[in-house]
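Trainee: I would like to learn how to read the features of a protein model, step by step. Could we begin with how hidden a residue is?

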Amino acid sequence: MDKSFEGHSEKLNDVFTVRFGETFITVKIVELIPGKKIGWHVIDCYKDWLKDKKEWKDTTMSWEISTEKNSTLINFTHIGLVPGIECYGGCEKAWNFYVKESLFKLLTAGKGTPELK
């Protein structure tokens, strides 16, 4: 069993935690429209490199899924991750990598690159 993931992530109101060393993020699935939209609300977190270790708490990650011309489109928005907060620059870069590169490779080739370059 993978100890970096705990909980359940299949249905509305499921709660799960993802760990990266000392860092963890616990989210609750607050919106789920199969094949269309998923909303993850951060209910607890600890980001060890930030002054405000709980900076992501009460933010929401929104995944909108659609199709266009035989392609799947994923629109990701981290609501609450805004310019001016400590994590913004680094987190924007990381999300761009994870969504545009790692997730894309996972979906198209069967293996992502979960470590940020």
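Mentor: A residue is called buried when its relative accessible area is under 20%, exposed when that area is over 50%, and partly exposed in between, with a 1.4 Å probe and protein chains only. Keep in mind that this is a predicted model, in which local features need pLDDT of at least 70 and side-chain atom pairs count only at pLDDT 80 or more, while totals for chains, interfaces and linings use all residues. Residues are numbered from 1 along each chain as its sequence is written, and side-chain values use heavy atoms, with hydrogens and water left out.

Trainee: Is C91 buried or exposed by that scale?

Mentor: C91 has a relative accessibility of 6%, so it counts as buried. C87 counts as buried too, because its relative accessibility is 2%.

Trainee: What do C87 and C91 form?

Mentor: In general, a disulfide is a covalent bond between the sulfur atoms of two cysteines. In a model, a pair of cysteine sulfur atoms within 2.5 Å is taken as a disulfide. Here C87 and C91 form one, with their sulfur atoms 1.5 Å apart. C45, by contrast, is in no disulfide, and the nearest cysteine sulfur, that of C87, lies 9.6 Å away. A search of the whole structure finds one disulfide.

Trainee: How should I read the strands, and which strand does β3 pair with?

Mentor: Helices (H or I, at least four residues) and strands (E, at least two) are DSSP runs, numbered from the N terminus, and two strands pair if DSSP finds at least two bridges between them. In this model, β3 (residues 23–33) pairs with β4 (residues 37–46) in the antiparallel sense, over nine bridges.

Trainee: Which strand pairs with β4 over five bridges?

Mentor: That is β5 (residues 60–68), and this pairing is also antiparallel. As an example to look for, H41 has T60 in β5 as its bridge partner. While you follow a strand, remember that in a regular strand the side chains alternate between the two faces of the sheet.

Trainee: How many salt bridges are there?

Mentor: A salt bridge requires a side-chain nitrogen of Lys or Arg within 4 Å of a carboxyl oxygen of Asp or Glu. By this rule the count is five. Among them is the pair R19 and E6, whose side chains meet at 3.3 Å, N to O. This pair links distant parts of the chain, since R19 is in β2 (residues 15–20) and E6 is in β1 (residues 5–7), 13 residues apart. R19 is partly exposed at 34% relative accessibility, and E6 is partly exposed at 37%.

Trainee: Where do D44 and K54 lie?

Mentor: The side chains of D44 and K54 meet in a salt bridge of 2.6 Å, N to O. D44 lies in β4 and K54 in the loop between β4 and β5, so the pair ties together parts that are 10 residues apart in sequence.

Trainee: Which residues are linked in a network of salt bridges?

Mentor: The network links E31, K37 and E64. Within it, E31 forms a salt bridge with K37, their closest N and O atoms being 3.5 Å apart. E31 counts as partly exposed because its relative accessibility is 29%, and K37 is partly exposed as well, with a relative accessible area of 22%.
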